[in-house]
Amino acid sequence: MDGEGALMAIRAIERNVSVRTSTKGFKVSLSRRVMTAFAWMFVVFSFLFVAAMFISIIGDVLIHAWPALTPKLLTDITNGIGGGLKNAIEGTMVMSVGALLLAAPIGIAAGIYLSEHGHGGAGKMLRFLSDVLVGIPSIVLGYVGYITMVIYLGWQFSVAAGIITLTVMLLPYIARSTELAMANIPLAVREAGYGLGAGEGRVVLHILLPGAAPAIMTGLFYAVALSMGETAPLLYTAGWSNYMWNGRFTKEPIGYLTYVVWTFINEPFAESHMLAFAAAFLITAGVLILILVGRWLLVRGQRRMGVYQG
């Protein structure tokens with residue numbers, strides 16, 4: 001009994017000491033409380049400010065575009081500064097999908113190389129050039145495309161010139177997103193694959209890429225959204241056409257939505273202004289849908305792998 005009583009007394013003393021040390025050691029000072037409250041207020045204000053700007057932009061575009069959002073907008077081609085946007089919608093889809101088909105294989109391959117073998121001088125140089133390419137204004141890329149493809153190669157304003165210019169612009173984004181997606185896979189996964197006797201190609205194609213696929217797909221959707229909103233590089237390479245695309249890749253211009261926004265808003269006619277806002281609404285809605293789909297695929301893939309906690 002004496003031993004049990006002594007043990008209980010020791011535990012009681014330890015509890016009292018722990019309570020005292022915890023209350024004294026974790027006492028928050030007044031200045032820290034003030035700074036914490038200020039930080040929370042700043043975060044909430046920043047969120048509300050961004051949300052208000054987003055809702056304001058979407059609402060303003062929707063209000064001005066609402067009179068033009070009719071079936072005619074999707075079924076009629078542009079006629080001067082009026083008509084519909086069927087040709088522009090088709091041209092935007094052709095340019096964006098074409099650029100994605102060219103940029104995705106090259107960008108993903110570059111991202112895999114940077115993730116698995118990009119620790120040396122070649123990898124550092126490739127990252128540096130990728131960062132430089134990201135910083136180049138898109139209008140400069142369009143001017144280079146105009147000099148090389150439209151004039152020197154004689155393609156004139158064409159689909160091919162616009163797609164290749166957009167491809168060059170999207171490559172660094174796809175490569176970097178692929179590299180980050182591959183780098184997030186633990187090293188133990190690679191070691192497990194090699195330990196089972198799989199070669200490097202099998203490890204990359206059958207183990208790493210499936211695990212990184214949701215993040216890579218998100219990067220691809222973001223790249224498509226970026227290409228949909230570009231105007232400057234297409235002004236120099238794709239030109240503009242009031243007609244539907246006839247399937248030719250060279251010596252034939254094509255219409256696209258951003259041209260309508262850039263040009264029609266400067267016309268002194270109400271119909272042209274409505275078309276410009278309608279084109280802006282279609283671009284905004286398309287970009288928003290792509291971002292949401294990409295985010296959904298990323299969360300869905302992470303949940304399937306058991307790494308998503310949100």
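1. Here, buried stands for a relative accessible area under 20%, exposed for over 50%, and partly exposed for values in between (1.4 Å probe, protein chains only). Tyr256 is buried by that cut-off, because its relative accessible area is 1%.

2. The model is predicted: local features need pLDDT of at least 70, side-chain atom pairs count only at pLDDT 80 or more, and totals for chains, interfaces and linings use all residues. Numbering runs from 1 along each chain as its sequence is written, and side-chain values use heavy atoms, with hydrogens and water left out.

3. There are nine aromatic pairs in the structure. Rings of Phe, Tyr and Trp (its six-membered ring) pair if their centres lie within 6.5 Å; planes under 30 degrees apart are stacked, over 60 edge-to-face, and the rest tilted.

4. Helices here are DSSP runs (H or I, at least four residues; strands are E, at least two), numbered from the N terminus. Trp240 is buried, at 18% relative accessible area.

5. Trp240 also pairs with Tyr259, stacked at 4.6 Å centre to centre with 10° between the planes. Tyr259 sits in helix α11 and Trp240 in the loop between α10 and α11, so the parts tied together are 19 residues apart in sequence. Tyr259 counts as buried because its relative accessibility is 18%.

6. Tyr143, Tyr146, Phe157 and Tyr236 are linked into a cluster by ring pairs.
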